[in-house]
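Visitor: I'd like a close look at just one part of this protein, please. Could you pick a spot on the surface and walk me through what surrounds it?

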Amino acid sequence: MCLGIPGQITAITDPTRMMAMAEVSGVRREVNVAPIVTGELVDVVGKWALIHVGFAMAVIDEDEAEKTLEALRGLGEAQETLEAMAAGDAALEGRA
């Protein structure tokens, strides 16, 4: 399964290669913005985009970005819960 993570484009880093800095949940990463540029390159600064394997794949609005980030946080919590449950089951099986 492929997953796009919402990130905000904060700056253009290399106009020739269409590279920009994106901030994803406090982590900054350089991404290629060619898939989302429809006009001037600088127009993408400040926009939210779905980031996947180093590319900004689609522009999304801030509300959608926040909802997606919240859902991803929830999935992370669910994954931690499942791992804790599995560890508990393994411990119980070891006692039997």
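Guide: Let's go to a nonpolar patch on the surface: Val53, Phe55 and Met57 make it up, and together they have about 290 Å² of accessible area. Accessible areas come from the Shrake-Rupley method with a 1.4 Å probe, and for residues only the protein chains shown count as cover. To join a patch, a residue needs over 30% relative accessible area and no salt bridge; like charges are joined within 9 Å, and nonpolar side chains (Val, Leu, Ile, Met, Phe, Trp, Tyr) within 5 Å. A salt bridge, by the way, is a side-chain nitrogen of Lys or Arg within 4 Å of a carboxyl oxygen of Asp or Glu.

Before we go on, a word about the model: it is predicted, so local features need pLDDT of at least 70 and side-chain atom pairs count only at pLDDT 80 or more, while totals for chains, interfaces and linings use all residues. Residues are numbered from 1 along each chain as its sequence is written, and side-chain values use heavy atoms, leaving out hydrogens and water.

Now for Phe55. You'll find Phe55 in strand 5, residues 55–60. Helices (H or I, at least four residues) and strands (E, at least two) are DSSP runs, numbered from the N terminus. Phe55 counts as partly exposed because its relative accessible area is 36%; buried means under 20%, exposed over 50%, and partly exposed is in between (1.4 Å probe, protein chains only).

What about Val53? Val53 sits in the turn of a hairpin formed by strand 4 and strand 5, with two residues between the strands, and has a positive phi of about 45°. Those two strands run antiparallel and are joined by five bridges; strands pair if DSSP finds at least two bridges between them.

Not counting residues up to four places away in sequence, Asn32 touches Arg17, Met18, Met19, Gly54, Phe55 and Ala56, where contact means heavy atoms within 4.5 Å. Asn32 is buried, since its relative accessible area is 15%.

Ala56 leads us inside. Val33 is in contact with Ala56, and its other partners beyond four places in sequence are Ile9, Met18, Ala20, Leu41 and Val44.
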